[in-house]
Amino acid sequence: MVILTLKYFAGPEVPRYVFLTVGYTWFCSISIISLVPADIWTTIIGQFNGGISFFWSWSYWSTFLLTWLVVPLIQGYEDAGDFTMKERLKTSIHVNLVFYLIVGSIGLFGFILLIIMDKIRIRDILGLAMACSNTFGLVTGAFLLGFGLSEIPKSIWRNADWTTRQKVLSHKIAKMAVKLDDAHKELSNTIVIAQATSKQMSKRDPLRPLMDVIDNMLVQMFKEDPSFKPQGGRLGENDMDYDTDEKSMATLRRHLRQAREEYYRCKSEYLTCVTQALELEDTIKNYERRNTTGWKFVSSFRSERTGTFGPFLDTIELVWRCILWNQLKKVFAIILGCMSVAILLAEATLLLGGVDLSLFSVLIKSVGNEEVVVQVFAFVPLMYMCVCTYYSLFKVGMLMFYSLTPRRTSSVSLLMICSMVARYAPPISYNFLNLINLGVGKETIFEARMGNIDKAVPFFGQGFNRIYPLIMVIYTILVASNFFNRIISFFGNWKIFRLQTEADDVDGFDPSGLLILQKERMWLEQGRKVGEHVIPLARNFNGVSMDLESGDNDTDRRTVEMKVASDLSKEDIKGSSSKPLKDEVSRYAGSKEAMSSKYAAMREQKKLTSNTKPVENIAAAKVSLLDAGNSQSSNNSGVPSGLASKWASMKAGFQTFKTNIEAKKFLPLRQVEDTKLLSRVSSSESLDEIFQKLKRPAAGHGHSSDDDVDGLDSRVSGPRR
């Protein structure tokens, strides 16, 4: 399981020693979880097992050393941008030494204080240290567990509904398209900075060998991905200061590597979202046409199956994807919801010493001496608790610290994730053992070796390990009832503290995501790959607003910031998920004027951003990107005189669009096979030519650009499930 999981998430550039370190850490963490059922069984039968005791010590101390020493050292080494192994090690040691000096000083002060207060003895320091190392995991893990117990069953139940899933995916596609566009811009800027630094550095410069390493990185990057085309790179005021010393060059190298990893991570997530949305459209379409197709599944991603068993396999796929899978997800959500309630009931009744209301404890006692059944009844709820905790941990961590993307997770993210997994494995196991009442005087080997949390925090008083689960139960009930979301929504400005979930994206469809998905569907039908033209697509089809910031007169630079209209719709759209999709279609049909204003603004935006050209290779990048930045800076000197009226019209258009959005006029997700506009677009036409046709009347038709947009809008907003 560890090997398959690592291969699924690890990026192509993860070194082998990182792969082995992360794999061994995960293996030791799962070993701790898998030893708990065996430990429970040996405690029930009253037989001390020396093998389990040995494996406890081996797994626990391995994860302890890896979490606090080995993994942080390798993580700092991988994150460093230095050019030699010695310098990277020095950077890693320096960063970790500062952290451990601070933490160690606090810990030493606490030990001295407890000894002075006569709360502990010297011989109890080892057990106390083990308990202290897990106190953080026990307390924070309780809140992570509570969030997962509530969110996982609800998320599975929501995703069983096709319309809700379409809404969620439309928002995800819009968000990921903008993130990918931003990552593309950042990588393009970094490439321009590296090329400009290389261009101004002479061959006899002492830092030239280091610059050659960065140049080789760029050449290798373009060889591995010839389809990548930098666009719009610009130089800032301090972007030419990287050639001062070796540390500044290391910073440039680190920045380039991080920008590249972020770009390919965002691209992978975007492709995943679009693929899921297209597959969902296929599923809905096949379900609606099941009688016409003879109950055979027709996919947009593969040709029809042939052979003797081809039609039979197509029928099996249609039954599974269109009928059985959704029903199984609902049943699974109900089962997990019952398990969540059982865990909360067991946690809430820990304070009742004489009453055992833990369902898992009752089940384990009821099977008697059936070893396999006892271990199954112990392993299943324990694994569910681990999944809930790690689900919440990844949710929080991906917002701030790391990313977990299939086949694109970097070494630094993998190491940080494995450190978190190892840090929470013992506390989760300890929490579960508290839910199992094995009888008076019976204590598992794990509890004896790990130490009691009462000893770790004696100033909280005896019985703390029975009180903190009750706090978790109250927190979970508040999360399940959306109490915190209501409080944050009431105060408004506190929304930055809100943990985003899929429930925030079920209020309506995101128009930007729908348009992007429609274009991806069209290109897929033309034989192109998903995500091939996402960068210009995101820049032209997203609901955009422009922030014009005039810089210093000496540099005469202008920047255009593009923001997605999905942020606006997420703030303003409320309560449409419970209404039929057909009602949303009819409500949105009257918003053609608003959409026309929106596209008019986008056509003006197209004029401002059309003077950057794609770069075909590394040699052209060194010339074209730098020249584009200079020409754009010089050409923008006359922009302010014409932008005032354009900005006023854009502002009026977006106010109209916002008014219609507030009236809950949404765009339905549907497939448009042959539209009037798209019929004039050949597979060889570029996106620029498409927008040129939108800007001027088409030959032989006599429609204005607004009429074209209206035609597209009217066809897109046609009725569909």
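**Ground rules.** The model is predicted, and local features need pLDDT of at least 70, side-chain atom pairs count only at pLDDT 80 or more, and totals for chains, interfaces and linings use all residues. Residues are numbered from 1 along each chain as its sequence is written, and side-chain values use heavy atoms, with hydrogens and water left out.

**Entry 1: Ile-152.** I found Ile-152 in helix α5, residues 125-159. Helices here are DSSP runs of H or I with at least four residues, numbered from the N terminus. Is Ile-152 buried or exposed? Ile-152 has a relative accessible area of 10%, so it is buried. Buried means under 20% relative accessible area and exposed over 50%, with partly exposed in between, using a 1.4 Å probe and protein chains only. I then listed the contacts of Ile-152, leaving aside neighbours within four places in sequence: Leu-336, Val-387, Cys-388 and Tyr-391. Contact means heavy atoms within 4.5 Å. Cys-388 lies 236 residues from Ile-152 along the chain, yet their C-alpha atoms are separated by 7.2 Å.

**Entry 2: helix α1.** In α1 (residues 2-9), I noted Val-2, Leu-6 and Phe-9 as buried. Seen down the axis of α1, the buried residues fall within an arc of 75°, so they line one face of the helix. The arc is that of the directions from the helix axis to the C-beta atoms. An α-helix has 3.6 residues a turn, so residues three or four places apart point the same way. On the face turned away from the buried side I found the exposed residues Ile-3, Leu-4 and Lys-7. The cover over the buried residues of α1 includes α2 (16-45) and α12 (411-435).

**Entry 3: α8 with α17.** I looked up how α8 (residues 246-288) packs with α17 (residues 511-525): the angle is about 75° and the axes are 11 Å apart. Axes are lines fitted to C-alpha atoms, for helices over the stretch in contact, and angles run from 0 to 180 degrees between N-to-C directions. This pair is roughly perpendicular, a label for angles of 65 to 115 degrees. Among the residues making the contact are Tyr-270 and Val-274 of α8 and Ile-516 and Arg-521 of α17.

**Entry 4: α8 with α9.** For α8 and α9 (residues 310-348) I noted an angle of about 100° and axes 10 Å apart. These two helices are therefore also roughly perpendicular to each other. The contact includes Thr-283 and Tyr-287 of α8 and Leu-318 and Arg-321 of α9.

Notes: Angles under 35 degrees count as roughly parallel, over 145 as roughly antiparallel, 65 to 115 as roughly perpendicular and the rest as oblique.
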